[in-house]
Amino acid sequence: MTDILLIALFALGGAACAGVLGAGVLRLVRHRSVAVSLTVVAAVTVTAMLAGTLAVAQAMFLSPHDLGVVTLVAAMAAVVSLATALLLGRWVVARSRELFLAARDFGDGGSFAAPPGQTTAELDALSRELAATSAKLAASRERERALEASRRELVAWISHDLRTPLAGLRAMSEALEDGMAADPARYHRQIRTEVERLNSMVGDLFELSRIHAGALSLTPSRMSVYDLVGDALSGVDPLAREHGVRLVGETVERVPVEVDGKEMTRVLANLLINAIRHTPADGTVAIAAERQAGAVVLSVTDGCGGIASEDLPRVFDTGWRGTTARTPPAGAGLGLAIVRGIVEAHSGHASVHNVPGGCRFVVTLPLTV
């Protein structure tokens, strides 16, 4: 029993010495390639086995011939093991090299495609993560391109919308200054109207900038959807009368919600004004609110004739105005973008779809228990 313990101690000592030496070497080359690290690991493993074996053989006081035979056998086994480890290591490194090249391609703006063939579980998991990251980057690039396009479109529309009233204001002010205005009171009323329109446009831009910057501050309170709808209908009733449009709000449940009353009233007002402007005279704009599956669903249905299917995904984009038939004379394409921003700030969702004779805007808000 003592001999066996001594043999074990000698084997452990020889292997431990080789292991400690290998750990030092591995620490020195930790900044090198994976191939170098794998080579060191393989060499340390084989060297530890060889050192343990030779230490035991030396301690057993074998004859020189027997010791030479044991040393030769151990050395040959070490050489074969080391060569096998190096070949397998080169295969792993080759797979990692292919993965590196594939990752570099999608980092340069392309898409990631995992190299063909089988690989280790770790590299396979890394390939899946890189593929998922590549898909997310592609979606992000697409959103960035769409956002940049909408910004360019918004700048073009705003420039046009500002140039026209500013030119009119300049002409009217020059006419008043030169005493050429036949009806100064009318000019003053027109100037006031244009200034109010410009002020509304600047206010929308400021609101949209707060939404995009995440600086929209909400003051939520518990209130009834019925009251929100009532306030919104009262605010747009004069506009509906002017356009000859009927407002219908009969299907409105008294459902409690936790919202910022001022901002949510603005959402409903924007949707109603948009619907009134695009509904022909003698048409109907209906607003409804009901409880559905743990949420409050508000909808505004108009008689605009519908929106082209290819335009539906862009309705809430900044600066989108659609076709000429749906373009309000004083709009800058910001109202619906503001609607979506405010609704999403309330953890809700805004959508639109066509219905017979028009379209329906739907706002879904979390239900207050």
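Analyst: Happy to! F316 has a relative accessible area of 7%, and buried means under 20% (exposed is over 50%, partly exposed in between, with a 1.4 Å probe and protein chains only), so F316 is buried. Please keep in mind that this is a predicted model, where local features need pLDDT of at least 70, side-chain atom pairs count only at pLDDT 80 or more, and totals for chains, interfaces and linings use all residues. Residues are numbered from 1 along each chain as its sequence is written, and side-chain values use heavy atoms, with hydrogens and water left out.

User: What makes F316 and F361 an aromatic pair, and why is it called edge-to-face?

Analyst: Rings of Phe, Tyr and Trp (its six-membered ring) pair if their centres lie within 6.5 Å; planes under 30 degrees apart are stacked, over 60 edge-to-face, and the rest tilted. For F316 and F361 the centres are 6.0 Å apart and the planes make 85°, which gives an edge-to-face pair. The count by this rule is one aromatic pair.

User: Which parts does the pair of F316 and F361 tie together?

Analyst: F316 sits in the loop between β5 (295–301) and α8, while F361 belongs to strand β7 (residues 358–366), so the pair links parts 45 residues apart in sequence. Helices (H or I, at least four residues) and strands (E, at least two) are DSSP runs, numbered from the N terminus. F361 is buried too, at 1%.

User: How do you know whether C304 and C359 are buried or exposed?

Analyst: C304 has 18% relative accessibility and therefore counts as buried. C359, at 0%, counts as buried as well.

User: What makes α7 and α8 a contact, and where do their axes lie?

Analyst: Contact means heavy atoms within 4.5 Å. Residues of α7 in the contact include E263, R266 and V267, and those of α8 include L336, I338 and V339. The axes of α7 (residues 261–277) and α8 (residues 335–345) come within 9 Å and cross at roughly 150°. Such axes are lines fitted to C-alpha atoms, for helices over the stretch in contact, with angles from 0 to 180 degrees between N-to-C directions.
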